[in-house]
Amino acid sequence: MYWTLELASKLEDAPWPATKDELIDYAVRSGAPLEVLENLQEIEDEGEIYESIEDIWPDYTSKDDFFFNEEEY
């Protein structure tokens, strides 16, 4: 299983919190790349509910990780 920013960004609008099956369903319905589906299927499912993409891929960088002050521009 490997994630990239591009692949993980396909799940930003997913209906969080969600289970593995709900995320797979969302990925199929939204037309996410095959790699996203493969990554989701490789998750060991113990009935967990995921609150955000960070629960699946802890290295995911969100908008808050950038130090860009939008008010300056």
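This tour moves through the structure one selection at a time and states what is found at each stop.

**The whole chain**

Begin with the entire chain displayed as a cartoon. The model is predicted, and the mean pLDDT of the chain is 85, with 84% of the residues reaching 70 or more. Where pLDDT is low, the predicted coordinates should not be read in detail. If the chain is coloured by confidence and its helices are compared, the lowest mean, 87, belongs to α1, and the highest, 95, to α2.

The cartoon shows four helices and zero strands. Read from the N terminus, the order of the elements is therefore α-α-α-α. The chain has 73 residues, of which 32% are buried.

**The nonpolar core**

Next, select Trp3, Leu11, Leu23, Val36, Leu40 and Ile56 and show their side chains. These residues have the most contacts inside the largest nonpolar core, a group of 20 residues. Which helices each supply at least two residues of this core? They are α1 (5-9), α2 (20-30), α3 (34-42) and α4 (53-56). Of these, α2 gives the most, with four residues.

Keep Ile56 in view and display what surrounds it. Beyond its neighbours within four places in sequence, Ile56 is in contact with Trp3, Trp16, Leu23, Leu40, Ile43 and Tyr50.

Now select α2 and look down its axis. The buried residues of this helix are Lys20, Leu23, Ile24, Tyr26 and Ala27.

Finally, select Gly31, which follows α2 and has a positive phi, near 75°.

**Asn39 in helix α3**

Select Asn39, a residue of helix α3. Is Asn39 buried or exposed? Its relative accessible area is 2%, so Asn39 is buried. Display the backbone of Tyr2 as well: its oxygen lies 2.4 Å from a polar atom of the Asn39 side chain. Apart from neighbours up to four places away in sequence, the residues in contact with Asn39 are Met1, Tyr2, Trp3 and Leu7.

**Trp57 and the aromatic pair**

Move on to Trp57, in the segment after α4. Its relative accessibility is 16%, and Trp57 therefore counts as buried. The structure holds one aromatic pair. The ring centres of Trp57 and Tyr60 are 6.1 Å apart and the ring planes stand at 55°, so the pair is tilted. Like Trp57, Tyr60 is buried.

Although Trp57 and Trp3 are 54 residues apart in sequence, their C-alpha atoms are 7.2 Å apart in space. Leaving out neighbours within four places in sequence, Trp57 is in contact with Trp3, Thr4, Leu5 and Ala8.

**Leu5 in helix α1**

Select Leu5, which belongs to helix α1. This residue is partly exposed, at a relative accessible area of 46%. Which residues does Leu5 touch, not counting those up to four places away in sequence? They are Trp57, Tyr60 and Thr61. For one of these, Tyr60, the C-alpha atom is 6.8 Å from that of Leu5, while 55 residues separate the two along the chain.

**Asp59, the last stop**

End at Asp59, located in the segment after α4. With a relative accessible area of 58%, Asp59 is exposed, whereas Trp57 and Tyr60 are buried. A distance drawn from the C-alpha atom of Asp59 to that of Thr4 reads 9.4 Å, and the two residues are 55 residues apart along the chain.

Key. Residues are numbered from 1 along each chain as its sequence is written. This is a predicted model: local features need pLDDT of at least 70, side-chain atom pairs count only at pLDDT 80 or more; totals for chains, interfaces and linings use all residues. Side-chain values use heavy atoms; hydrogens and water are left out. A nonpolar core is a set of buried Ala, Val, Leu, Ile, Met, Phe, Trp, Tyr and Cys residues joined through side-chain atoms within 4.5 Å. Buried means under 20% relative accessible area, exposed over 50%, partly exposed in between (1.4 Å probe, protein chains only). Contact means heavy atoms within 4.5 Å. Rings of Phe, Tyr and Trp (its six-membered ring) pair if their centres lie within 6.5 Å; planes under 30 degrees apart count as stacked, over 60 as edge-to-face and the rest as tilted. pLDDT is the predictor's confidence in each residue, from 0 to 100. A polar contact is a pair of N or O atoms within 3.5 Å; within protein, one must be able to donate a hydrogen and the other to accept it, and residues adjacent in sequence count only if both atoms are side-chain atoms.
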